[in-house]
Amino acid sequence: MRRIKVLTLTDQLVYLGGGAERVAMEIAMRLDQSRFESVFCASRFWDGLENERVQEAERRMQAAGVRYFGLGRRTPTDMYRWFGLRGLLRRERVDVLHSHMFGSNAWGTVVGRLARVPVIVAHEHTWSFEGRPLRRLVDREVIGRGSTVFIAVSRDDQRKMIEIEGVDPKKILHVPNGIAPPPPPSGADVRGELGIPAEAQVVGTVSVLRPQKALDVFIRAAARLLRDNPALYVLLAGDGPLRGELTGLAQSLGVQDRLLMLGYRSDAADVMAALDVAVSSSAYEGSPLAVMEYMESARPIVATRVGGVPDLIENGVHGLLVEPGDEAGLAAAIGQMLADRDAARRMGEAARERRQREFTVEVMVRRFEALYERLSNGGGLPESAEQLA
């Protein structure tokens, strides 16, 4: 029998993007090669793009037997490049087009229909759902109507797509993200490297430095904690467009000596192993991979109650949840974790057990394989992802 050909469409290759690109690439690389032929298209990839992270993504796809293409978009105004997608879809005789995030969902749905692709899976990974009336219109009238199925990564996203955007609920399917076990810590002494005493308490976050992550709230909460516990150390690992602004905020609050901006770290597992409490201060989220990685590390977690985070963390069982933007509440919850080490340890261990049971990349990929086959054979959408074998 002819294998089902699935084309995965994203904006960027995984190592230039974030969690959405990572999920897209994991699905594309892990499809059962006896049943599926997997190809990958990144609209902002072009031949000769020299970047160590892009090259690593290319090596991984080649090792997994995934062919990849680029549309050559360099700026948002390169819209004419999308017309190359139509020829690619027709030439490859694609059965399933699986796009990820708003731009790829919108263009993929339109071009996919023009190319007569039988099944179009549009995958929304999150956004604030506030403002942007044009985007709500496109989600409802273009993606919602034109795609075969509109994937939501959290129950909260699913609700907002229905209530705020007006997308037909019969078109939406909630499929949670999953991760592969991250590399274990190497044993490197991150505390020693940073000059932190072995007995000191350390809290921190590993995050892209962008507005969604509300790291200014994290820094202000850290400043509150440092007033009462000046021996505390705070780590912020990651890079992004807000690096200068956040550095300036730490200096203005007088905490720059204890709040260490580490920049991008390839040894995230070692950084997490150095923490007593891992923090997520996001203003909004979908189904955040970083929180899943905190869970896998068994670090005590304090996170904001946004998006799909409550689907991952039950308050008081797997970690502590606070309201977004509440710097005082965030500081209090972190302080509670630092003060009650036994309870913090139990929550960290419960979080790891839940991640390994419910939020694995294997479960996620098997669900999409079953969905591709079901839709390609003319079946309708299941009522829930749990019905997908």
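**A cavity and a buried glutamate**

The largest cavity in this predicted model is lined by Arg-22, Val-23, Glu-26, Gly-178, Ile-179, Ala-180, Val-361 and Met-364. A cavity here is a set of points on a 1 Å grid over the protein atoms alone where a 1.4 Å probe fits but cannot get out, and lining residues have an atom within 4 Å of a point. Rolling a probe the size of a water molecule over the atoms shows where empty space is left.

How much space lies in the largest cavity? About 40 Å³, with volume taken as the space filled by probe spheres set on the points, which are joined across faces, edges and corners. The structure holds one cavity of 30 Å³ or more.

Helices are DSSP runs (H or I, at least four residues), numbered from the N terminus. By type, the lining divides into five nonpolar, one polar and two charged residues; Gly counts as polar.

Helix α15 also holds Glu-369. Glu-369 is buried, with a relative accessible area of 1% (buried means under 20%, with a 1.4 Å probe and protein chains only). Leaving aside residues up to four places away in sequence, Glu-369 touches Arg-30, Leu-31, Asp-32, Arg-35 and Phe-36, where contact means heavy atoms within 4.5 Å. Ser-266 sits 103 residues from Glu-369 in sequence and 31 Å away in space, C-alpha to C-alpha.

Residues are numbered from 1 along each chain as its sequence is written. Local features need pLDDT of at least 70, side-chain atom pairs count only at pLDDT 80 or more, and totals for chains, interfaces and linings use all residues, while side-chain values use heavy atoms, with hydrogens and water left out.

Conventions. On a 1 Å grid over the protein atoms alone, a cavity is a set of points where a 1.4 Å probe fits but cannot get out, and a pocket is an open set with protein on both sides within 12 Å along at least five of seven lines; lining residues have an atom within 4 Å of a point. Helices (H or I, at least four residues) and strands (E, at least two) are DSSP runs, numbered from the N terminus. Buried means under 20% relative accessible area, exposed over 50%, partly exposed in between (1.4 Å probe, protein chains only).
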